[in-house]
Amino acid sequence: MEDGDRAEDRVARFGALCAAVEPGLRRALVAAYGPDLGSDAAADALAWAWEHFERVEAMDNPAGYLWRVGQTSVRRAAGRRRPWPGAGPAADAGGEHSYEPGLTRALAGLSERQRAAVLLVHGYGYPLAEAAGLLGCRVRTLRNHLDRGLAKIRLTLGVTVDA
Amino acid sequence: MPDIHDVADAVHSLAEDLDARSRPTTPAAAMARTAPVRRPRPRSGRVAAGVLAAVVLAAVAAGAGLTRGAGGDGGDRVETDQSPSSTPAPPAEVGTTVPPATQLPGVPFGDLPAAGFADVTAAGVVLFSLDGTELGTSAGWPGGVPGRGRDLVVLDDNGVTKVGVAPPDPAQIPEGCDAAAGAGGTRLALCDAGDEIVRIDPSGAQAPVAEAPAGYTWSRVRPSPDGRWLLADATTDDCDNGMAALGPADGSEDPTTLVGDALTDGHAVGWLPDGRAVTQLVGGGCGQADIPSRVFASETGGDDAQLPIEPRGVLHMWSRADGGLGADLDRSFLRAAREAGLETCCPDFVDGDDLAAGVVWEGSQVSVTATAHGVVLSTGGTLEVASVPGVEIGVESEPGGRVAWFACGDDIWHVGGAPLDVTDDPTVAAVASALIPYLYCTVAPISG
């Protein structure tokens, strides 16, 4: 009975952890690796979190650690050289989407961390500190990724006006 | 031409689309999914806990309407939203399979030296020995032209000599960093988005070594063969102009620029076995007039010499991959054994998850195995303080002798035990201590 209660409590606490970290973790990994690889990586990272729940629960920043677990999962599944699929071919063709033509190509030219930083902050509107936590880095580092990512996007798209 | 507001709106719109196309993971799905890690066999207590959790999980899953995949192969995958994928099949992991490579016709693999230079252009590659002798040429790059910072590898692919991009350095990349490299007992990493080069000890202790010069970002760093120096590449933030710098790996002095500045584009090629740093002046930089390409070998003391190579493209280092490429753990072990001066032996007799190997230590054959992404489940053995500062290892009894183990990054290494020679505490601790400085990972503390 006591074991059963403990197990149920563990499940409940894991549910709370998932509710707290899953959306941001998935968005970060999807931003970095695309919807398919990123979603799978988030699922793998959370599966790992369940298997090592006591360790993960004790972490100051479980989302930042699970981001690394997700990165490892992607590396194991797809290797180090991965094209970023972005929003698919339709995006750059302008078809059903309202994107600036070439945005997917511009984002594909960024490093994974730069892409994740740009999309988390400017796409999803995460505050800098929260986005830095999701990527397991300091705010200063996130700012560097952002600045360099945006600079590359502007260069690729021919944007000359500073934000 | 779009303005910045168009871009911001487009990024936001694209993020919403990515959100719609991603697949959320529920807690139940995460619990039902098998994590992508290898684990040692659980101890009986954990089995009981696992069974209990599975019972609770089954109830939770039923309540959540979770449906398991029908594959029946252990339940690795849980059905979530399976929207059609537009992702092309990704390329295979470099380092575990033969990478896209270009053939070197008429170049017998057995005749090649251990390493050399490669003049890389979009049209192909010209292979040189380290003394500048031309060895062969090939046309085309099926996997794309190698980036400037990549070394090349030459391998024997079923009797055909091929050249391709070498696997990345298997050194563990610390959190918050983007790349790492190890040599000569020194691990260096590019951190803070390329703003800083950091040195990391096996204990995990970090020390800043060099900040990127103003207007530049570090893009690659390589320790010298003796581990005392670093050779780093940096690029300008505005026009990707390259420069190469040389400095002490302990950060006692700022690195000195060898090639590349506001008017010229240069990069670090690599280290010669004699400890000289090779750099290439590629041409005029940032839209400046073209200038002839030149290659230099610089002694750490400061003397430079021009090498008799005039590349048409970008010069890379190549090395011979005898016996294929191997996975990260294999390459980590072979490098560690080589740098520690240990003879390797007897992998056919050793049973290991991801690495099965052995070394010869004072006449005894000592097994070395490793499990990628393993989890330590100690049976309560003793702790040994390795002869590496800040590092401790566990020593336990297993059939066939005493076994030392330690967590090295995400991997678990075991030294000693069956089926090789029976080993004792001093032997397994000594072999582990000899290898650890050259595995270029952080050995996690065991106590506490």
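Which residue stands opposite B:Gly182 in E8(B)? I looked it up, and B:Arg187 is the residue facing B:Gly182. A reminder to myself before going on: this is a predicted model.

**Entry 1: the sheet around that pair**

I started with the two strands involved. E7(B) and strand E8 (residues 186-191) of chain B run antiparallel and are joined by six bridges. They belong to an open sheet of four strands, ordered E7-E8-E9-E10 in chain B, with antiparallel pairing. I then asked which strands stand at the edges. They are strand E7 (177-183) and strand E10 (206-211) of chain B, and each has a single partner strand, so one side of each has no neighbour in the sheet.

**Entry 2: chain B as a whole**

Next I stepped back. Chain B contains five helices and 26 strands. Of its 448 residues, 45% are buried. I also checked contacts between residues at least 6 apart in sequence, and 50% of those in chain B join residues at least 24 apart.

**Entry 3: a hairpin and its turn**

I moved to strand E5 (residues 152-157) and strand E6 (residues 160-165) of chain B, which pair in the antiparallel sense over six bridges. They form a hairpin with two residues between them. At one of the bridges, I found B:Asp157 partnered with B:Val160 in E6(B).

E5(B) has another partner too: four bridges join E5(B) to strand E19 (residues 314-321) of chain B, and these two run parallel. There, B:Leu155 stands opposite B:Ala321 in E19(B).

Then I looked at the turn. B:Asn158 lies in the loop between E5 and E6 of chain B. Its phi is positive, about 55 degrees, although B:Asn158 is not a glycine. I wrote this down because most residues other than glycine have a negative phi. Is B:Asn158 buried or exposed? B:Asn158 has 6 C-beta neighbours inside 10 Å, and a residue with 12 or fewer counts as exposed, so B:Asn158 is exposed.

**Entry 4: helix H5 and the residue after it**

Helix H5 (residues 425-439) of chain B was my next stop. Its 15 residues reach 21 Å from the first C-alpha to the last, close to the 21 Å expected at 1.5 Å a residue. How many residues of H5(B) are buried? I found 13 of the 15, so the helix is largely enclosed by the rest of the structure.

H5(B) is followed by B:Tyr440. B:Tyr440 is buried, with 29 other C-beta atoms within 10 Å; the cut-off for buried is 20 or more.

**Entry 5: the nonpolar cores**

Last, I looked at what packs inside. The largest nonpolar core has 100 residues, and B:Ile197, B:Ala232, B:Ala404 and B:Ala432 have the most contacts inside it. H5(B) gives the largest share of this core, 10 residues. Where does this core lie? Domain 2 (177-291) and domain 3 (328-439) of chain B both give residues to it, so the core lies between them.

Leaving aside neighbours within four places in sequence, its contacts include B:Ile197, B:Trp218, B:Arg220 and B:Pro255. Apart from this core lies another, of 63 residues, including A:Val11, A:Val56, A:Cys137 and B:Ala28.

Methods: Residues are numbered from 1 along each chain as its sequence is written. Chains are lettered from A and ligands numbered from 1 in the order in which they are written. This is a predicted model: local features need pLDDT of at least 70, side-chain atom pairs count only at pLDDT 80 or more; totals for chains, interfaces and linings use all residues. The expected span of a helix is 1.5 Å times one less than its number of residues. A nonpolar core is a set of buried Ala, Val, Leu, Ile, Met, Phe, Trp, Tyr and Cys residues joined through C-beta atoms within 7 Å. Domain bounds come from an automatic or database domain assignment. Two residues are in contact if their C-beta atoms, placed from the backbone, lie within 7 Å. Two strands pair if DSSP finds at least two bridges between them.
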